[in-house]
Amino acid sequence: MKTQFWQLVRFALVGVVNTGTFYLLYLVLHPLLPYFAAFTAAFLLGMVGSFFMNTYFTYRTRPSWRKFLLFPLPNLANYLVQSGGVLALVQWLGMDSRIAPLLAAVVAIPVTFVLSRLVLTGRASMTPSAEPDGLGPAPVQVEVVDQ
C-alpha cells in the first residue's frame, strides 16, 4: 500500500511538471497559432516528455518501442477529454483561452493515470504484483502441456 501511495505521488509530480511544460509551450505557441492549434502542438510535444518521465520515474519500468507506440492511447483519451473541455470552456462559457487548458487538464487526470498505468505496467488496478516495489509486469498464467 505504501508503494502505491508513492506511485500516486510520483504521478502527481510528473503531472505538475508535464502540465507546466505543456502550458509554457502553449503560451509560446499561442501568439503564433490559433489557440486550438497551439493547444494540440503543445500537447503532442509534452506527450514525449511525459512518456519518459512516467516510464522512469512514476512506474519505474523500462521504456520500449512497444510502450512508446501504445503510450498515445491514454494520451488520446486525455486529449479528447481535455480538448472537449477546452472547447466547451472557451466557446460555451467564454473562458479565457489561456486559462481553459489548465482547468480541462484537472478533469483528465484520473483517466490518464489508469490508462497510462495499464500501458506502462500491464496493470490498470492498484493490486500489488509479486515484485518487491509493486511495479513489475502483470502476472501471466502459463499452462504446461506434457508431450
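1. Across residues 7-29 the chain is 100% helix and 0% strand, with the end C-alpha atoms 32 Å apart. Helices here are DSSP runs (H or I, at least four residues), as are strands (E, at least two), and they are numbered from the N terminus. The model is predicted, so that local features need pLDDT of at least 70 and side-chain atom pairs count only at pLDDT 80 or more, while totals for chains, interfaces and linings use all residues. Residues are numbered from 1 along each chain as its sequence is written, and side-chain values use heavy atoms, with hydrogens and water left out.

2. The UniProt annotation "transmembrane region", from an unreviewed entry, covers residues 7-29, 35-57, 69-93 and 99-120. UniProt positions are given in the numbering used here, feature names are shortened, and annotations may be inferred rather than shown by experiment. For residues 99-120, the span is 95% helix and 0% strand, and its end C-alpha atoms lie 30 Å apart.

3. The structure holds 17 aromatic pairs. Rings of Phe, Tyr and Trp (its six-membered ring) pair if their centres lie within 6.5 Å; planes under 30 degrees apart count as stacked, over 60 as edge-to-face and the rest as tilted. Tyr23 and Tyr26 form a stacked pair, at 6.4 Å centre to centre and 20° between the planes. The two residues are three apart in helix H1 (residues 2-29), and therefore about one helical turn separates Tyr23 from Tyr26. Tyr23 counts as buried at 17% relative accessibility, and Tyr26 is buried at 0%. Buried means under 20% relative accessible area, exposed over 50%, and partly exposed in between (1.4 Å probe, protein chains only).

4. Tyr35 and Phe36 form an edge-to-face pair, with 6.4 Å centre to centre and 80° between the planes. Tyr35 is buried at 19% relative accessibility, whereas Phe36 is partly exposed at 28%. Ring pairs link Phe22, Tyr23, Tyr26, Tyr35, Phe36, Phe39, Phe43 and Tyr79 into a cluster.

5. Leu13, Val48, Phe52, Tyr56 and Phe57 make a nonpolar surface patch of about 470 Å². Accessible areas come from the Shrake-Rupley method with a 1.4 Å probe. Helix H2 (residues 35-58) gives the patch its largest share, four residues. Phe52 lies in helix H2 and counts as partly exposed at 36% relative accessibility.

Key: Patches are made of residues with over 30% relative accessible area and no salt bridge: like charges are joined within 9 Å, nonpolar side chains (Val, Leu, Ile, Met, Phe, Trp, Tyr) within 5 Å. A salt bridge is a side-chain nitrogen of Lys or Arg within 4 Å of a carboxyl oxygen of Asp or Glu.
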